[in-house]
Amino acid sequence: MPRPTARVLTLLELLQSGGTRTVAELAERLGVDGRTVRRYVDRLLELDVPVESVRGRYGGYRLGPGYRLPPLMLGDEEALAVLLGLVAGRRAGLTGPQSTAAETASAKIRRVLPRHLAHRLDSLLESLAFTARSEGPDGASTPEVRDTPDAGVLLTLADAVRHRRPVAVRYTDREGRRSDRTLHPYGIVGHAGRWYVTGRDAGIDEDRTLRLDRIADARALPGSFPPPEGPGPAERVVSGFATAGYRHEVTLRIRATPDEIRAHLPAGVAVLEDPGDREGQGGTDRPWLRVEVRAERLEWLPPVLAALDRPFVVERPAALRDLVAALADRLAASARRTSPDPEPIPEPEGPAPAS
């Protein structure tokens, strides 16, 4: 591409980022003088790109509204963010015209990408997995993936997943501790609004799930590792959250079907006893199933158990029994109340007036 033409396209990309750009700023970014910037603007106007001139001390150039979309220019990270958004949108359940528009937009973007980047994005799309949409501990539906991690980190991990290669990562955990790790990545998973990578931590020879936005650097290493046995990446992420170490370890017995329990305690929150294990339960449709939950706080569990509306036993901890009893007392008091309590009369402010 001739150099002046490349600079005109770069100018368009700068203007598409939004706001007003001064002539001095554009000249510095393009490596030309102000006169040349004005000539490039004239070239865009000849192409019917709606560039507006803004006068005044903070004036310059900006894109104005046009009757048709001007040529769209995306950097590598922007293209990655758009494609991830389209994939997450399809996962969110877009149907009909929306789904078709997402598919065609994705195809258009991939068609004009440089070949090397297109191959890396193909690796990324092949390595992605999503956990099932479900209700969280508070009963609200878990959000779809909303964050976009560093493009270089994401693409490096995707290549490693596809080719079964180890990677060196620099990670910061939730306590703020930084560490260098060697990871054998199994897959990249979208779960509860975030992106994760799950794999084997070679340093401790254990499976780990790491948040992608906490990985500051990722570098491919020589060698390879065998494909993992057992569940897929999404299931590994979900089971990892359910069995992670938290302040409280809760054990419940609930007389309900697995579907009834999972409607309020999804797999990412609770570990459910194998429903096939019904020894001593007489083959009833609603056996007493063992449920294990790990949680930082217990206050959210009593309302969830009440919403289940099934018989349950709190085996541990005793503090949860107290919270359930307190909730029951509050509900019983409200059930007996026949009218709102009178509003308390506020005390007068300041000294009482003299009689």
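Helix α2 (residues 23-30) and helix α3 (residues 34-46) have axes that come within 9 Å and cross at roughly 95 degrees. Axes are lines fitted to C-alpha atoms, for helices over the stretch in contact, and angles run from 0 to 180 degrees between N-to-C directions. Helices are DSSP runs (H or I, at least four residues), numbered from the N terminus. α2 and α3 are therefore roughly perpendicular to each other (65 to 115 degrees).

This is a predicted model, in which local features need pLDDT of at least 70 and side-chain atom pairs count only at pLDDT 80 or more, while totals for chains, interfaces and linings use all residues. Residues are numbered from 1 along each chain as its sequence is written, and side-chain values use heavy atoms, with hydrogens and water left out.

In α2, V23, L26, A27 and L30 meet G34, V37, R38 and Y40 of α3 (contact: heavy atoms within 4.5 Å). V23, L26, A27 and L30 are also buried (under 20% relative accessible area, 1.4 Å probe, protein chains only). They lie on the same side of α2, because they cover an arc of only 100 degrees around the axis, taken from the directions from the helix axis to the C-beta atoms. On the other side of α2, A24, E28 and R29 are exposed (over 50%).

The protein averages a pLDDT of 79, and 78% of the residues score at least 70; pLDDT is the predictor's confidence in each residue, from 0 to 100.

| Stretch | pLDDT | Contacts in the model |
|---|---|---|
| residues 134-144 | below 50 | 25, beyond near neighbours in sequence |
| residues 279-283 | under 50 | 3, beyond four places in sequence |

Where pLDDT is low, the predicted coordinates should not be read in detail.

Key. Helices (H or I, at least four residues) and strands (E, at least two) are DSSP runs, numbered from the N terminus. Angles under 35 degrees count as roughly parallel, over 145 as roughly antiparallel, 65 to 115 as roughly perpendicular and the rest as oblique.
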